[in-house]
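Here is a short tour of a protein model for you to follow on screen. Take a look at the structure first, and then we will walk through some of its residues together.

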Amino acid sequence: MRLLASVRALAVAWGARPRSVRLCAVAGAMGLIWWSSSRARLFPGAETIPSFVHNSGHIFAFGGLAGLVLFAFAGPDRWSKHHARLAVLVAGAYGVVDEVHQSFVPGRSSTVSDVISDVVGGCLAVAILFGVVRGEAAAKRAIWRWAVLAVGAVAFATWGPW
């Protein structure tokens, strides 16, 4: 329980930072994703485990982006479902932009399955934040569903047709 209290305290402290700082964090995350997408894959080829790990990065990167966007809108005490939807929408839209960008990078590909992973990662992060930080019961129950969907999305991106 001390861990949850620490996470809540950290979230409240971050939410109290000036909006300009929180927006800079969003821009920084987007820049980091852009830079990462500009690089050749660390594990080229069809190795199963490295490909699965690489595709899992979408869940973390775009989940982190959605979380930062959520914080950019308001502090945890003022979050609403509208903010949650917008955070996922921004992360998903940037996922589309990222995939278009990757289509021009030699050795990289652009796939719909990656965008699906991006959106699912955003949904998982928002559910975690609403469940852990705000203590909302419905969000706590949704965390496991989104986690299972995240594993499925990564598996689909790794072994699926597109």
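Let's begin with His101: leaving aside neighbours within four places in sequence, His101 is in contact (heavy atoms within 4.5 Å) with Trp34, Ser37 and Ser38. His101 is found in helix α4, where helices (H or I, at least four residues) are DSSP runs numbered from the N terminus. With a relative accessible area of 13%, His101 is buried; buried means under 20% relative accessible area, exposed means over 50%, and partly exposed is in between (1.4 Å probe, protein chains only).

Before going on, a word on the model. It is predicted, so local features need pLDDT of at least 70 and side-chain atom pairs count only at pLDDT 80 or more, while totals for chains, interfaces and linings use all residues. Residues are numbered from 1 along each chain as its sequence is written, and side-chain values use heavy atoms, with hydrogens and water left out.

**Helix α4**

- This helix has 22 residues and reaches 31 Å from its first C-alpha to its last, close to the 32 Å expected at 1.5 Å a residue (the expected span is 1.5 Å times one less than the number of residues).
- An α-helix has 3.6 residues a turn, so residues three or four places apart point the same way.

**A nonpolar patch on the surface**

- Val96, Val100 and Phe104 form a nonpolar patch, with about 320 Å² of accessible area together.
- Patches are made of residues with over 30% relative accessible area and no salt bridge; like charges are joined within 9 Å, and nonpolar side chains (Val, Leu, Ile, Met, Phe, Trp, Tyr) within 5 Å.
- The accessible areas come from the Shrake-Rupley method with a 1.4 Å probe, and for residues only the protein chains shown count as cover.
- Phe104 sits in the loop between α4 (81-102) and α5 (112-133), and Phe104 is exposed, with a relative accessible area of 67%.

**Aromatic pairs**

- Rings of Phe, Tyr and Trp (its six-membered ring) pair if their centres lie within 6.5 Å; planes under 30 degrees apart count as stacked, over 60 as edge-to-face and the rest as tilted.
- By this rule, there are four aromatic pairs.
- One of them is Phe52 with Trp159: the ring centres are 5.7 Å apart and the planes are at 25 degrees, so the pair is stacked.
- Phe52 lies in helix α3 and Trp159 in helix α6 (residues 137-159), so this pair ties together parts that are 107 residues apart in sequence.
- Phe71 and Trp79 have ring centres 5.0 Å apart and planes at 75 degrees, so they are edge-to-face.

**A salt bridge**

- How many salt bridges does a search of the whole structure find? It finds one, counting a side-chain nitrogen of Lys or Arg within 4 Å of a carboxyl oxygen of Asp or Glu.
- The side chains of Glu136 and Arg134 meet in a salt bridge, at 3.1 Å from N to O.
- Glu136 counts as partly exposed at 27% relative accessibility, and Arg134 counts as partly exposed at 30%.

**Ala150 in helix α6**

- Ala150 lies in helix α6 and is buried, with a relative accessible area of 6%.
- Leaving aside neighbours within four places in sequence, Ala150 is in contact with Ile59, Val120 and Leu124.

Conventions: Helix = DSSP H or I, 4+ residues; strand = E, 2+ residues; numbered from the N terminus.
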